[in-house]
Amino acid sequence: AQERELDAELKRFRLRADEYWLPKRDGTPETGARKKIERSAEKVELGIETIGSPKKQKIIPGVNALEFRVVAKGTLEQIVKFMTEIHDQHPMFYWKEFRFFPSRSRDKETMRITSHLSLVVVEDQQVLSLLLGEEEQQ
């Protein structure tokens, strides 16, 4: 019975694998995640002002949160579309902070956002193997 519970838990864990950045599957997180943010903004024609250098925070050994500060300008419609694009990404991004306010430009339609986007990066080889279904059969 306990083995079945462990198998069920492992199955649930694997079903969530697309939520995490797995370097073996997704590539280098620092550059790959930045490209996903840039492409999402380009797709909705949102003007990115800056994407800051990623900051890594340890969650547990071998599992980290990688956070990017994103500053951009656009219409409210573009901002909402950008949020949707980011939300639909796999691996998943999480909004740690999101603020928007009128831009200082004369265009009353333009808004400015400052946000912090983060994602979970799994680098531990044993956890990666479990998530990717590569563990050795015993």
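## Helix H3 and its length

Helix H3 covers residues 29–43, and at 1.5 Å a residue its 15 residues should span 21 Å; the end C-alpha atoms are 21 Å apart, which agrees. The expected span is 1.5 Å times one less than the number of residues. Helices here are DSSP runs of H or I with at least four residues, strands are runs of E with at least two, and both are numbered from the N terminus.

Before going on, please keep in mind that this is a predicted model, where local features need pLDDT of at least 70, side-chain atom pairs count only at pLDDT 80 or more, and totals for chains, interfaces and linings use all residues. Residues are numbered from 1 along each chain as its sequence is written, and side-chain values use heavy atoms, leaving out hydrogens and water.

## What covers H3

Which residues of H3 are buried? They are Pro-29, Gly-32, Ala-33, Lys-36, Ile-37, Ser-40 and Ala-41. Buried means under 20% relative accessible area, exposed means over 50%, and partly exposed lies in between (1.4 Å probe, protein chains only).

The cover over these buried residues includes strands E1 (47–51), E3 (63–74) and E5 (111–122), together with helix H4 (76–87). Just after H3, you can find Glu-45, which takes a positive phi of about 60°.

## A salt bridge within a helix

Side chains of opposite charge can pair when their charged atoms come close. A salt bridge is counted when a side-chain nitrogen of Lys or Arg is within 4 Å of a carboxyl oxygen of Asp or Glu, and by this rule the count comes to ten.

One of them joins Glu-9 to Arg-12, with the closest N and O atoms 2.5 Å apart. Both residues belong to helix H1 (residues 2–15); because they are three residues apart, about one helical turn separates them. Glu-9 is partly exposed at 45% relative accessible area, and Arg-12 is partly exposed at 46%.

## Salt bridges between strands

Lys-73 and Glu-49 also form a salt bridge, their closest N and O atoms being 3.8 Å apart. This pair links distant parts of the chain, with Lys-73 in strand E3 and Glu-49 in strand E1, 24 residues apart. Lys-73 is partly exposed at 33%, and Glu-49 is partly exposed at 35%.

Glu-67 and Lys-96 meet in another salt bridge, at 2.9 Å from N to O. Glu-67 lies in strand E3 and Lys-96 in strand E4 (residues 94–102), so the pair ties together parts 29 residues apart in sequence. Here Glu-67 is buried, at 11% relative accessible area, whereas Lys-96 is exposed, at 52%.

Conventions:
Contact = heavy atoms within 4.5 Å.
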